[in-house]
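Please keep the sequence and the structure in view while reading.

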Amino acid sequence: NSLGELARLSGNLAEAESRYRASLARFHAIGSALASMPECNLGLTLIERGQYPEARRTLESVLAAFTREGRVMYSGYIHAYLLPCSAAAQDWDSFAHHLHQTSSALAELSVVDVDIARMATLAGDLSSSEGQTNWAREVSRWIPNRTVSVVHGDGDDVELHRHRRPGQDPA
């Protein structure tokens, strides 16, 4: 899983996907409950690769596991990660559900998470491109300024910078 994270954060999505799948297979082979983390990261990688239907199935599986286990905070993350999948499928009922669940789960936490910011921005952009500017505005409302950042890097060189809000022109 860690090697997949390094690959994903450096932008090597094909390698990240391969690493997450290998990690997931190892966890499943030994019957470990820890398989949810590489499965979640695989879902994020699939979103970044534009493979929304597979990402949605993957993340819904993770969400079901976290819900069963009572991992409310992590469930909030997964709801946020499912936003771009719902927008890509033009499933606005699902989008509304995931947005509400994300807002509720993360409202009381001081979460600074680059993946949430990235997925929310992507969800807002996809919503806007489908003419659903109201959903883009809703997503933008719950993204505090302090979380709107994203990590880019290549190997040793990692940079943290401000990321635009949904609907903003790229800087």
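Angles between axes are taken between N-to-C directions and run from 0 to 180 degrees, and an angle over 145 degrees counts as roughly antiparallel. In this predicted model, the axes of helix H5 (residues 72-88) and helix H6 (residues 92-106) cross at roughly 150° and come within 8 Å of each other. H5 and H6 are therefore roughly antiparallel to each other. Their crossing is left-handed.

On the H5 side, the contact is made by Val72, Met73, Gly76, Tyr77, His79, Ala80, Leu82, Leu83, Ser86 and Ala87. H6 contributes Trp92, Ser94, Phe95, His97, His98, Leu99, Gln101, Thr102, Ala105 and Leu106. Sorted by class, the contact of H5 with H6 has 12 nonpolar and eight polar residues, with no charged residues.

Helix H1 (residues 2-9) and helix H2 (residues 13-29) have axes that come within 7 Å and cross at roughly 165°. H1 and H2 are therefore roughly antiparallel to each other, and the crossing of H1 and H2 is left-handed. Leu3, Gly4, Glu5, Ala7 and Arg8 are the residues of H1 that meet Leu13, Glu15, Ala16, Arg19 and Tyr20 of H2. In the contact of H1 with H2, five residues are nonpolar, one is polar and four are charged.

The aromatic side chains come next. A pair of aromatic rings is described by the distance of the centres and the angle of the planes. The structure holds five aromatic pairs. One of them joins Tyr77 and Tyr81, with 6.2 Å from centre to centre and 85° between the planes, an edge-to-face arrangement. Tyr77 and Tyr81 are four residues apart in helix H5, so about one helical turn separates them. Both Tyr77 and Tyr81 are buried. Tyr77 also belongs to the H5 side of the contact with H6. Together with Phe66 and Tyr74, Tyr77 and Tyr81 form one aromatic cluster.

The secondary structure comes to eight helices and two strands, and from the N terminus on the order of the elements is α-α-α-α-α-α-α-α-β-β. The chain has 171 residues, of which 45% count as buried. Among the contacts in the chain with a separation of 6 or more, 57% are between residues 24 or more positions apart.

Note on methods: Residues numbered from 1 in each chain as written. Predicted model: local features only at pLDDT ≥ 70, side-chain atom pairs only at ≥ 80, totals over all residues. Heavy atoms only, no water. Parallel < 35°, antiparallel > 145°, perpendicular 65-115°, else oblique. Left-handed = near helix turned anticlockwise from the far one by under 90°. Contact = heavy atoms within 4.5 Å. Nonpolar A, V, L, I, M, F, W, Y, C, P; charged D, E, K, R; others polar. Phe/Tyr/Trp six-rings, centres within 6.5 Å; stacked < 30°, edge-to-face > 60°. Buried < 20%, exposed > 50% of the residue type's maximum accessible area, 1.4 Å probe, protein only.
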